[in-house]
Amino acid sequence: MSYEKKNISTRYGFRDGLKLAGCGGGDTASTTAAATEAAAEGAETTAQAEAPAENAEVANKDKPLVWFNRQPSNSSTGELDMAALSFNEDTYYVGFDANQGAELQGQMVLDYIEANIDTIDRNGDGIIGYVLAIGDIGHNDSIARTRGVRKALGTGVDKDGNINSDPVGMNADGSATVVQDGTLEINGTTYTVRELASQEMKNSAGATWDAATAGNAVGTWASSFGESIDIVVSNNDGMGMSMFNAWSKDNQVPTFGYDANADAVAAIGEGYGGTISQHADVQAYLTLRVLRNALDGVDVDTGIGTADDAGNVLSDDVYVYNADERSYYALNVAVTAENYQDFMDSTKTYEPVSNQLDASAHPEKSVWLNIYNAADNFLSATYQPLLQNYDDLLNLKVEYIGGDGQTESNITNRLGNPSQYDAFAINMVKTDNAASYTALLSQ
Ligand code: BGC
Ligand code: CA
């Protein structure tokens, strides 16, 4: 359609003008100059009976788009969905380094075993037994964490060149083939490490990472394995805390999670074993920041690797950018009894990027954003509150949509009028489903 094309080229003309003119720092002046220029162009096009460029409508398919928390990818192979990741020139993914975090998670559990070897084997049979709550067998983060734990504890077996991440079900006698018994030499004694049980935590309606399911599962496991369970591991804190509250706290069995949700960090004082911070404070910032930069027509690194006009900047020990994957990954930190006091407030913005942007240089824009599951502990208790703190700082008016964690259409149905928004931030139910969103934006 020529109408649409005209608008797009006008838009990029405007943006490029702004980019060049804006580099001297006289932002307000150059914005005005660019706007006048655009208005003049608009008058001209109106005369030709075309759309005025002053309010040039950007086609939805050209608006900034950020995927976050669930990376567009094939849920069986993990292969990235590059079509979704490079949907337009302002498309990015924001998540965290899943492998680095998973290694830390495994190491944290191993360190705990080594430090507490005198008391950890509850029934004294020389076998250290653990159970594992898997979030979503098709989620990259969940897969990485299962592998990280199995790798550190020596219970992983190879499958196609990688550690098998399938759930074992029940494995009382160590005869399962999905995992193997590991061995640990500590202070001259050899111990066996056994994954007694693991399963995906999916409820009957289909919601994954389901905390209630995990709370029930630990009850079932405890009645089958009793004192053989020495450690509970969970691929996130939502499930981990549910198991801790249902069983491990009373039975004094160390329980490990992931996400550093505030309730889990606080529970470390009451015997929760530890958790991993995925630097949600950095991720939430990046999620909105890449949109802000695209809307401002500035380099994507602004306020990220390069300080912005308000002094916001991230140092490279908290994130990495992978240009080929068009992805920003925050780095993880282990949170244990030694340092948990520093992580008590999980919704506090990250200090180096907490400066308010000037509203005249960075005028308010509207963003459509969804959370795949309003009941997901990490996203609702940690990530969303952080986003809500940053949206003010970045002058973004964000509409937050909460999904049910099961049905993509429950969310896509609420993206009925994308033309109302300047940018989009998407958290899919399933990592395979990017096309159901991009199709709406391409219409
Ligand atoms: C988080 C989980 C969360 C999941 C949802 C993961 O990165 O660690 O807690 O449930 O994302 O997609
Ligand atoms: Ca034992």
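Strands E15 (residues 365–371) and E16 (residues 396–402) run parallel, joined by 7 bridges. Two strands count as paired if DSSP finds at least two bridges between them. Helices (H or I, at least four residues) and strands (E, at least two) are DSSP runs, numbered from the N terminus. Look at Val-367: its bridge partner in E16 is Val-398. Between E15 and E16 the chain passes through helix H11 (residues 377–393), and this β-α-β crossover is right-handed. Right-handed has a set meaning here: with the strands pointing away from the viewer, the path from the first strand over the helix to the second runs clockwise.

This is a predicted model, in which local features need pLDDT of at least 70 and side-chain atom pairs count only at pLDDT 80 or more, while totals for chains, interfaces and linings use all residues. Residues are numbered from 1 along each chain as its sequence is written, and chains are lettered from A and ligands numbered from 1 in the order in which they are written.

Now take the whole chain. The protein chain has 13 helices and 17 strands. Of its 443 residues, 47% are buried. A residue is buried if 20 or more other C-beta atoms lie within 10 Å of its own, exposed if 12 or fewer, and partly exposed in between, with C-beta atoms placed from the backbone. Contacts have a cut-off too: the C-beta atoms of two residues, placed from the backbone, must lie within 7 Å. Among contacts between residues at least 6 apart in sequence, 70% join residues at least 24 apart.

Strand E10 (residues 255–256) and E11 run parallel, with 2 bridges between them. Phe-256 stands opposite Gly-274 in E11. How many of the residues of strand E11 (residues 272–277) are buried? The count is 6 of 6, so the strand is mostly covered. E11 also pairs with strand E14 (residues 333–335), this time in the antiparallel sense, over 3 bridges. There, Ile-276 has Ala-334 in E14 as its bridge partner. In a regular strand the side chains alternate between the two faces of the sheet.

Next come the loops. Asp-259 sits in the loop between E10 and H9. Its phi is near 120 degrees, a positive value in a residue other than glycine. Is Asp-259 buried or exposed? Asp-259 counts as buried, because it has 31 C-beta neighbours inside 10 Å. Arg-326 lies in the loop between strand E12 (319–322) and strand E13 (327–330). Arg-326 is not a glycine either, yet its phi is positive, at about 50 degrees. Arg-326 has 22 C-beta neighbours inside 10 Å, so it counts as buried.

Ligand 1 is surrounded by Asn-69, Arg-70, Gly-135, His-139, Asp-141, Trp-209, Asn-236, Gly-238, Tyr-258, Asp-259, Asp-376 and Phe-378. A residue is near a molecule if its C-beta atom, placed from the backbone, lies within 6 Å of it. The shell divides into 3 nonpolar, 5 polar and 4 charged residues. Ala, Val, Leu, Ile, Met, Phe, Trp, Tyr, Cys and Pro count as nonpolar, Asp, Glu, Lys and Arg as charged, and the others, Gly among them, as polar. Where does ligand 1 lie? Domain 2 (57–97 + 280–441) and domain 3 (117–253) both give residues to its shell, so ligand 1 lies between them. The domain bounds come from an automatic or database domain assignment.

Finally, visit three helices. In helix H7 (residues 211–225) you find Val-218. Val-218 is buried, because it has 28 C-beta neighbours inside 10 Å. Leaving out residues up to four places away in sequence, Val-218 touches Val-232, Met-243, Ala-246 and Trp-247.

Helix H10 (residues 280–296) holds Gln-283. Gln-283 counts as buried, because it has 24 C-beta neighbours inside 10 Å. Tyr-328 is 45 residues from Gln-283 in sequence, but 8.3 Å away in space, C-alpha to C-alpha.

Gln-100 belongs to helix H4 (residues 98–115). Gln-100 has 18 other C-beta atoms within 10 Å, so it is partly exposed. Beyond residues up to four places away in sequence, Gln-100 touches Leu-331 and Asn-332. Gln-100 and Asn-332 are 232 residues apart in sequence, and 7.0 Å apart in space, C-alpha to C-alpha.
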